[in-house]
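Dear colleague,

I am passing on the structure we spoke about, and my notes on its salt bridges and on one of its pockets follow below it. Please read them with the model open beside you.

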Amino acid sequence: MAKTGPSPLPARFGPRSIEITAKDRASRRAVIEGLPQHTEVFVADLPDQPPEVVLEAAAEIRSAGLEPVPHLVARNIASAHAFDALLGELRRMAQVRSVFLTGGDRAAPSGPFASALDLLGTGLLQRHGLRRLAFAGYPEGHPHIPAADLEEALRRKLASARAAGFETLLISQFAFDAAPVVALARRLRSLGLTVPLRVGTAGPADRHILSEFARDLGAGRSAERLARPASDPEGFSIERFTAALAEARAQEPALGLEGLHLFPFGPTEASVGWLGQPR
């Protein structure tokens, strides 16, 4: 079972969450054994992965007293019937209240859905009683989508979600420098978008591994900090990163920065341990 009692998560920067892949049983054990109850655990889906794997992971996370937030990847869903069935089982087996909606990176959709907006348009999310929808934000852009298109798609998703009565949350793609995250938050607020922004970054991991992930996943210029040692003020350290974000939030509360979201590119136990350290 997840830890009980007062949460040891740092209060300075608000809520914490973590992401694991559904099929990674070792990561499931790490979050269940190491995180306080009610911590949000985002459960990533992968192409060609049976939906039963996501269901099993979400149910196990819920039974441990944590809050599962499964990814619903539009391009991985074979049909409207399959989507309906998946949502029904997520509610029945894991009492899911929040989901992360994304189009996915699959070149060709496996069914009729190509984007998060397509999933929103079915009306099934409302029908199955979900309360909150999370979407991705890109502080340093997307390697394959122009910035203007990203911005317009986000506007439309948030407007559609609000019209349907959902709460919303933005999870930013991982970055290694606070500056582009703060710039994204300022841009959102200048557009009148008040959605809370939870900041994504890499959990503790070997810097060579982080560099490989940053290259493969199209991270922006902030990844250059990984070439410097963590002791260098211009290098990346998660402590320096979160301190800069906390300072920005204190100076500009209207930025709407809401907590931290860890992507464990190293051992999940290391990220869980970091989240559990009092600060």
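A salt bridge is taken here as a side-chain nitrogen of Lys or Arg within 4 Å of a carboxyl oxygen of Asp or Glu. The model is a predicted one, in which local features need pLDDT of at least 70 and side-chain atom pairs count only at pLDDT 80 or more, while totals for chains, interfaces and linings use all residues. Residues are numbered from 1 along each chain as its sequence is written, and side-chain values use heavy atoms, with hydrogens and water left out.

Salt bridges

The search of the whole structure gives 13 salt bridges. In one of them, arginine 28 pairs with glutamate 60, with 2.7 Å between the closest N and O atoms. This pair connects distant parts of the chain, since arginine 28 lies in helix H1 (residues 25-34) and glutamate 60 in helix H2, 32 residues apart; helices (H or I, at least four residues) and strands (E, at least two) are DSSP runs, numbered from the N terminus. Arginine 28 is buried, at a relative accessible area of 2%, whereas glutamate 60 is partly exposed at 29%, where buried means under 20% relative accessible area, exposed over 50% and partly exposed in between, for a 1.4 Å probe and protein chains only.

A second bridge joins glutamate 151 to arginine 187, the closest N and O atoms being 2.9 Å apart. Here too distant parts of the chain are linked, glutamate 151 being in helix H6 (residues 147-163) and arginine 187 in helix H7 (residues 178-190), 36 residues apart. Glutamate 151 is partly exposed, with a relative accessible area of 26%, and arginine 187 is also partly exposed, at 40%.

Between glutamate 234 and arginine 225 the closest N and O atoms are 3.7 Å apart; glutamate 234 is partly exposed at 42% relative accessible area, while arginine 225, at 19%, counts as buried. Through shared partners, salt bridges also join Arg25, Arg28, Glu56 and Glu60 into one network.

The second largest pocket

A pocket is an open set of points on a 1 Å grid over the protein atoms alone, where a 1.4 Å probe fits and protein lies on both sides within 12 Å along at least five of seven lines; lining residues have an atom within 4 Å of a point. The second largest pocket holds about 270 Å³ of space, a volume being the space filled by probe spheres set on the points. Its lining has 20 residues, of which Asp45, Pro51, Asn76, Ile77 and Leu86 are the closest to its centre.

With kind regards
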